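Thanks for making the time, everyone. Please bring the model up on your own screens, and I will go through a few of its features.

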Amino acid sequence: MTRISFQTEFRHALADIERTALDLMRRQREVSSGRRLQAPSDDPTAAAAAVTEHGALAALDRYEQAGSSVEARLRLVDTVLSDIIEQLTHAQAVATGALGDTPTQAQREAAAMELAAIRDALFADLNTSFRGVYVFAGTASTTAPFVRNADGTVGAYQGNASTIAVDIDRGRAVRVTFDGGALVQGSDPQDVFGILETLRADVLAGNTPAIEQGIAALKRVFDRAVQLQSEVGADQKALEIGAVRLTTEKLAARKRLSTLEDANMAEAISAMNRAETAYSAALGAAARLTRPSLMDYLR
Amino acid sequence: MSGLFGMLAMTARSLEAQRFGLDVVGQNIANVNTSGYSRRVVDFAALPPTSPLNAGNGVEVQGVRAIRNALLDRRLWQEIPAEAMQGAIADALSIAEVALGDPGASIDAALSAFFDAWGRLSEDPTSTTARQQVVLQGEALATGFRDMVSRLTLARRDADARIRGVVDQINALTTEIASLNVSIARGVAIGTDVQALKDRQAEVIKALSAFVPVDVIAREDGGYDVTIGLGRPLVIGASDFRIETTAVGPSGFVTLSANGVDITGEISSGALGGLLHVRDTLIPGYVSRLDEIAYALATEVNTRHQAAFDATGAAGLAFFEPPAATAGAAAALAVNAAVAADPSRVAAASTPDPGDNTAARDLAALRDGRVMFGGTATLHEAWGRLVYQAGTDTQVARQEQRTRREIVMQVEALRDSVSGVSLDEEAAGLIRFQRAYEANARFFTTVDSVLQTLLNMVGR
């Protein structure tokens, strides 16, 4: 027959109190902090997964910020390209108005002045910068792509043919600077400023065939600008779609992270209540160690 | 007449025996809470009659026995070290675990911030501020690695300090065992009661086994010889052999020696074994993993950075001070002083054109690069594995400790069922001896009354 000693009873009661008190403390911390993971040892697999999820979330945040910054730049580029297209359309209209023998010399001079104003407007548009970065200078983005000569004409393209692209997602980059040379000149012998200069002289001289050639050259620049604007528009659309996808991905990552790290409050509170009951029971059982004993019956 | 006087003498002996029985019960009750106390049982023997007209000479006390089971004591000494070892590991690792920090707020966060800075630079490759940010985040990341090594080293130092304390306690206990050996042998030789000394002896060995697993050999003179490791003596009879600690540079961590022999590697259990395991295996393992991550980070960043061009159009320098080897890479991680002093030396371009951002994009994309463990894991995932490893080690130690504790408690319960004091049993003993005393006293009165009757007859 197993003998029951006071020490055994006491030791077991104490161990049960310690165990249940520890469990209660853990559950209380879970409820009060709202976090399931207090230390990696609570759930090592979840802790390792949480590290990966935090990393993924940080990357998504970064791509979201990059997307927002790129979107602002592309909006500017789109506006500038719209203005360039408008200026080119206007230039073609002005040049068309100077065709033939009908215009007077005064009208030709007015048209030439208008063409000069369009040149200046295009000069300003193509030297547009975003936070100090010239958007039409390729990767030579700190150098103004077009400079004015002493005689008022515009010099050759100062930028380069490379472009700066920014990652807006894994494996998805969007251009934020553009090859101004390709836009204004392409494979033509003259850039848009040269074309406008020549056109201005031709308008003053009333050289209809030359004006027609100039209009055709402006049309090619116009086409390239429209093409570039549609490309920018496509990138803007991709950004918009990408932003929605990033938001969805972030929500999903946050949800996964929450599952890993956060306490399910209903479950945690229920577990805390159970732990509290177990602790009270252990305390009660220990208190019963002063149960009736044969000693009580000795007189 | 002589028969009646003999009965009085017999009753006096019986009264003394029952009083002694009460005395033993009192001793048991007094020691109900004394750890290691083995309950005592008094042995009575009936004294045989000396003549045909004599029923017997009453009772005599043969002795007092301490009820103990040597096998259960030994079993306890064998089970305690494993529980103590897991407890020591769990306690020591909980410090290391805290050092690693929360997911998303430790090295992983610093890695994200570093790659984010490269991402921002790629958006604006000519920005001085963005370059400055890359340098600052690189320095913060390097500081994060160095601090992590410091904290883990601190956790090792803490374990080392506890090792020194445990060794001091072991030496104090072995001195006490040797001293008890002397007292027990002397007591046995002169025939005095040595049970209290033996109880203490068992308790001291139990305390010792929580620190280090011991082999205990019973001596003929009643004492114990104690050895550890590969039979290294701690106590032989009256002699105790100290475990010496020697600090070994440059870490200053101690090695353990017994009789001049290094026994550090022989201690595989007990609190001492657990602390040694944490200090020499587990935490160095984490530091080593941290070194691997730091080495991969530094070499991968440097390779890309050196293939790129900085803001001045010059070829990129190493971004981090190039690590000499994997070992020590985390503790030595630092941004190249030349780059730190001049952020224009941050190389973001893959051509000498300062406006190019290809290299910065490439470096920002390194966050997803599988550059660890033979191309199977990213830097983040490698950190996650380290967190997982430390978490699992602590969790396993805690679970193992709980299991071992249950075993120890079971053995202690078994030991208590043999040696422990039961108050009910002692209460029964009280009644038994009290009633016997009362009956003997009544018998004495009766004999006295009979004797008085006889004396009255003589006087008449």
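This is a predicted model: local features need pLDDT of at least 70, side-chain atom pairs count only at pLDDT 80 or more; totals for chains, interfaces and linings use all residues.

Helix 2 of chain B, residues 70-100, has 31 residues and reaches 46 Å from its first C-alpha to its last, close to the 45 Å expected at 1.5 Å a residue, where the expected span is 1.5 Å times one less than the number of residues. Helices here are DSSP runs of H or I with at least four residues, and strands are runs of E with at least two, numbered from the N terminus. Just after that helix, G101(B) takes a positive phi of about 80°.

Residues are numbered from 1 along each chain as its sequence is written, while chains are lettered from A and ligands numbered from 1 in the order in which they are written.

As for confidence, pLDDT being the predictor's confidence in each residue from 0 to 100, chain A has a mean of 91, with 98% of its residues at 70 or more.

Turning to the interface, 43 residues of chain A are in contact with 50 residues of chain B, contact meaning that the C-beta atoms, placed from the backbone, lie within 7 Å. The largest share of chain A's side, 14 residues, comes from helix 2 of chain A.

Finally, strand 3 and strand 4 of chain A form a hairpin with two residues between them, and G171(A) in the turn has a positive phi of about 70°.

Conventions:
Two residues are in contact if their C-beta atoms, placed from the backbone, lie within 7 Å. Two strands pair if DSSP finds at least two bridges between them.
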